[in-house]
Amino acid sequence: MKIINRIIASTIFVIVASHAAGQGAVFHSAEIEAGVKKHIGLVEGDNVTVEQLDTITTLNLSGLGLTDIQDVRMVPNLQTIDLSYNEIDDVSPLAQLEFLKEVNLSHNMLKSINMLTFTSSDEMIVDVGFNYISDFSCFNTLTSCVFIIKGAGLQKTIENN
C-alpha cells in the first residue's frame, strides 16, 4: 500500500510540476507585463511563461510611468535594461539581476544611488542623468566592478524638473 501511495504522490507531483512549467507568470505591474509582452511579441490576453522570461536579455521599459520595478526580478537573465523616463525612486530590485551590464535610469526620480549595488564583476554602464542625485560617494567603496556613469545633467532640482 505504501508503494501505491508513493506512486500516486509522485504522479500527482509530476502532473502539477509539468502544468506549472507552462503557466503564465504573475506580474504585479501591468506596465512591466505590457513591456515584456511587447518585447516577446505577445498580444493582450496571452500569458507570459517563465520559460519566455528566461530568454530575455534586453528589455526596454522606457516611458511607461513605472514607480515600482519589483517585477524585473522575474527576468533573471537581463543584461541590458532601459528604465528611462519613468518615476522610479528605488532601484534595489536590480541588485538581484546577476547578469546585468547596462542600465539606463535617466530621467527618473532618483535622489540617491547608494542602493545601486550589482553582482556583476564586469564593467557596468549606468546612466543616471537627469535625476535628483547629489551624492556619489557610494562609488568610492566599490572594488569589484567598474562603473561608467554617463548622462548630461546628472543632477536636476525641483525647480527645473
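The following questions and answers concern a predicted model and how its features get their labels.

Reader: What makes E33 and K37 a salt bridge?
Author: The closest N and O atoms of E33 and K37 are 3.5 Å apart. The cut-off is 4 Å between a side-chain nitrogen of Lys or Arg and a carboxyl oxygen of Asp or Glu, so the pair qualifies. By this rule the count comes to one salt bridge.

Reader: Why are E33 and K37 separated by about one helical turn?
Author: Both belong to helix α2, residues 30-40, and they are four residues apart in it. An α-helix has 3.6 residues a turn, so residues three or four places apart point the same way.

Reader: Why is E33 called partly exposed?
Author: E33 has 23% relative accessibility. Buried means under 20% and exposed means over 50%, so a value in between is called partly exposed.

Reader: How do you know whether K37 is buried or exposed?
Author: The relative accessible area of K37 is 9%. The cut-off for buried is under 20%, so K37 counts as buried.

Reader: Which residues is K37 in contact with, leaving aside its neighbours within four places in sequence?
Author: They are L42, V43, G45, D46 and V48. Contact requires heavy atoms within 4.5 Å.

Reader: Which residues of α2 are buried, and what covers them?
Author: I32, G35, V36 and K37 are buried in α2. The cover of the buried residues includes α3, residues 50-55, and β1, residues 58-60. Just after the helix, G41 takes a positive phi of about 95°.

Reader: Which residues touch the most other members of the largest nonpolar core?
Author: They are I81, L83, L94 and L105, in a core of 29 residues. Helix α2 and strand β4 each supply at least two residues of this core.

Reader: What makes N108 a buried residue?
Author: Its relative accessible area is 0%. N108 lies in the loop between β3 (102-104) and β4 (124-127).

Reader: What lies 3.3 Å and 3.0 Å from polar atoms of the side chain of N108?
Author: The backbone nitrogen of E87 lies 3.3 Å from a polar atom of the N108 side chain. The backbone oxygen of L105 lies 3.0 Å from a polar atom of that side chain. The limit for a polar contact is 3.5 Å between N or O atoms, with one able to donate a hydrogen and the other to accept it.

Reader: How many residues apart along the chain are N108 and S84?
Author: N108 and S84 are 24 residues apart along the chain, while their C-alpha atoms are separated by 6.5 Å.

Reader: Why is L110 called buried?
Author: L110 has a relative accessible area of 0%, and the rule asks for under 20%, so the label follows. L110 also lies in the loop between β3 and β4. Leaving aside neighbours within four places in sequence, its contacts include I88, D89, V91, L105, V128 and Y132.

Reader: What puts I113 in the buried class?
Author: I113 has 0% relative accessibility. That value is set against a limit of under 20%, so I113 is buried. The place of I113 is in the loop between β3 and β4. I113 and D135 are 22 residues apart in sequence and 7.7 Å apart in space, C-alpha to C-alpha.

Reader: Where are Y85 and F130, the residues with a positive phi although neither is a glycine?
Author: Y85, with a phi of about 55°, lies in the loop between β2 (80-82) and β3. F130, with a phi of about 60°, is in the loop between β4 and β5 (147-150). F130 has a relative accessible area of 34% and is partly exposed.

Reader: What is the average pLDDT of the protein chain, and where does pLDDT stay under 50?
Author: The chain averages a pLDDT of 79, and 65% of the residues score at least 70. The value stays under 50 over residues 9-20, for which the model has zero contacts beyond four places in sequence.

Note on methods
Residues are numbered from 1 along each chain as its sequence is written. This is a predicted model: local features need pLDDT of at least 70, side-chain atom pairs count only at pLDDT 80 or more; totals for chains, interfaces and linings use all residues. Side-chain values use heavy atoms; hydrogens and water are left out. Buried means under 20% relative accessible area, exposed over 50%, partly exposed in between (1.4 Å probe, protein chains only). A nonpolar core is a set of buried Ala, Val, Leu, Ile, Met, Phe, Trp, Tyr and Cys residues joined through side-chain atoms within 4.5 Å. pLDDT is the predictor's confidence in each residue, from 0 to 100.
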